[in-house]
Amino acid sequence: MKKPLLAAALLIGMGASLGALAQATGVTDGMNMNAIAMFLAFVMVSLWITYWAAGRVKSTSDFYTAGGQISGFQNGLAITGDWCSSAALMGIAGLIYTTGFDGLIYSVIPFGAWPLMMFLLADRLRNLGKFTIADIVSVRMARVPIRSLIASAGLAFVVGYLIVQMVGAGTLISSLFGLKYEYAQVIIGFLIIVYVAFGGMVATTYVQLIKAVLLLSGASFITFAVLAKFGFSPEGLYEAAVTNHPTAEKVMQPGGLLSDPINAISCGVMLLFGGAAMPHVLMRFFTVPDAKEARRSVAWAATFIGYFYLLTFVIGYGAVVFVMKDPQFLDAAGVIKGGANMAAIHLAEAMGGDLLLGFISAVAFATIVAVVAGLTIAGASAISHDLYANILRHGRASDAEVMKVSRFASIGLGILGIILGIAFKEENIAYLIVLPFTISSTVFFPVLFLAMYWRRLTTTGIVVGGWLGLASAVVMLVVGPTIWKDILGHAAPIFPYKYPALFSMAISSVTMIVVSLLDNSARARAEVAAFDDQFVRSQTGLGAEGAARH
Amino acid sequence: MHQVYDRIDRDPRFHALARARSRLGWTLSGLVLVAYYGFVLAIAFAPGWLARPLGPDNTVTVGIATGLGVIALSVALTGVYVWRANRSFDRTNADIVANATRVAGGPYDAG
């Protein structure tokens, strides 16, 4: 885009950050100067990277996939940045702080998505895909109905995930920096628009990469400091946690979470299969040159993310030991200041004073920004590549036109994020995270898996099964315990389980299979016949989208 | 392109490779699913077992150790797959592709 426009945007970004600095120092009396300085440093560096990246984004391939020239190691770090939302650091630490072992379950189960992604999806996805996950299915299926389904489900996924991140970000930033909630929304939304609309996947990748390094080093440092207090004996830490926690030894044992078997299995299905097919994460597979680098990315991502989850075992219990009884972190009633989600942040202060507190606050901010940027580019690609270029323009749009739509879509999504973030202020939105994971396990995983592994799958099967599954998932969520009973105030839920993924995934998969088997149309026969070529391509990488040549 | 795909499809080495890859992928996936569903079902059906201390002098419970073990196992199995796929599988694959494209006349131009 035009350089002067970008320069103006960068100036506004810096001005807004300075404004935030002025306002925050006024409100907090300079209490959190370290946090603000590090936050500003992150913003400056990321805007500088965006300026550099903007010169490299010349085509749609640069915009969506950074020209396919990211290395496996870099991509592994960027995927770590995409995957670890603030929920991973602050949410899990907060859950362990309150419930102990039950919080740890959220560190263990989601990680199972990584090996599954590697063994079943990574190679074939890279060899068949181009920009979006709809491309993979379109290799042998009808373009319009497939892309309508996947792009709609993708946008529902992105919006649901976006609301959770934006509301979490607003609350976090207003308590960390003493900023007004609405002001925090506008700053995040604005930064995202600048990163994605100007810097595309190149800038997004580097923002995620830096965030991952910051997150891993911050979490490592806290873990090191906590363990050092116990002479590096985890046993000592856990003994102290049992002494300190009101539930005593129960803090090391499973509590009520997932005590119902059906709910437990359904939650497992949602996290394992839903986590393995998230469009903003899978999209990152197309930023590397070939399947070998895609596998390397997953291996690095799994190593970093697994390492991070291991650290939460120490950080969560560390907060129980060092935050729970320290009056400086508690209010007059003895409750943790800012809620349990602040446990990790308070622990940072307990371990490293103002400096570490400032660093971890800046990390939390970078974490949110990087995840929202990844979601925005996934949403923008669904709009511009799937809906506009392939459906509206039947694949006849020029590269420049699609680029323009991508940038406007990013700007639109950034503004939508700000509006939704403000609209959902002070709502309890934790339940909303179930929506994107359920959509992913109900639509994306079965469609991708069957399209790549099952010869007889047809467009009609996908469309009927996908829409039916999507509708059933939404209905079961609405009439389930969380929305129907807790939010709408009905006496009893119509659907008894909190997590509908087991049922909605069964509905979508079985329907896809049955309808495909019954489908005997000419189009279906051609799609089945095209499986052999697709299979050879998915296995060998022959004919796959390579790295862009400049 | 269809002709090259067709030629590869008739190469028995290609099908041997695809089978080897899929055997490895499904074996490892099976191990992972057993580990995770074992963990989930233990939480649902045998919380008492997970609540037990590892030994008489330990505070660390079976549950904590199992959780750590499941994560470590996942990272290790992921490594095993990449190690196999990026070495022997990719070498065989390159041979098969080179063979099929050589017959077609001239090297394959991916662009």
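**The interface and a surface patch**

Reply: In this predicted model, 14 residue pairs, both at pLDDT 80 or more, are found in polar contact across the interface of chain A and chain B. On the side of chain A that touches chain B, H14(A) gives the most, with 12 residues.

Me: What makes the pair Arg295(A) and Asp90(B) a salt bridge?

Reply: The closest N and O atoms of Arg295(A) and Asp90(B) are 2.7 Å apart, and because a salt bridge requires a side-chain nitrogen of Lys or Arg within 4 Å of a carboxyl oxygen of Asp or Glu, the pair qualifies as a salt bridge. The count between chain A and chain B is three salt bridges.

Me: How many residues does each chain bring to the contact, and what area is buried between chain A and chain B?

Reply: Chain A brings 55 residues and chain B brings 52 residues, while the area buried between them is about 4,700 Å², with carbon and sulfur atoms giving 73% of that area. Of the area that chain A buries against chain B, 15% is supplied by Phe119(A), Gln539(A) and Leu542(A), which is more than any other three residues supply.

Me: Why is Leu518(A) called exposed?

Reply: Leu518(A), which lies in helix H20 (residues 501–518) of chain A, has 68% relative accessibility, and since exposed means over 50%, Leu518(A) counts as exposed. Together with Val510(A) and Val514(A), Leu518(A) forms a nonpolar patch on the surface, the three having about 290 Å² of accessible area together.

Methods. Residues numbered from 1 in each chain as written. Chains lettered and ligands numbered in written order. Predicted model: local features only at pLDDT ≥ 70, side-chain atom pairs only at ≥ 80, totals over all residues. Heavy atoms only, no water. Patch = residues over 30% accessible without salt bridge, like charges linked within 9 Å, V, L, I, M, F, W, Y side chains within 5 Å. Areas by Shrake-Rupley, 256 points an atom, 1.4 Å probe, with all protein chains shown as cover. Helix = DSSP H or I, 4+ residues; strand = E, 2+ residues; numbered from the N terminus. Buried < 20%, exposed > 50% of the residue type's maximum accessible area, 1.4 Å probe, protein only. Contact = heavy atoms within 4.5 Å. Buried area = accessible area lost by both parts, 1.4 Å probe. Polar contact = N/O pair within 3.5 Å; in protein donor to acceptor, adjacent residues only side chain to side chain.
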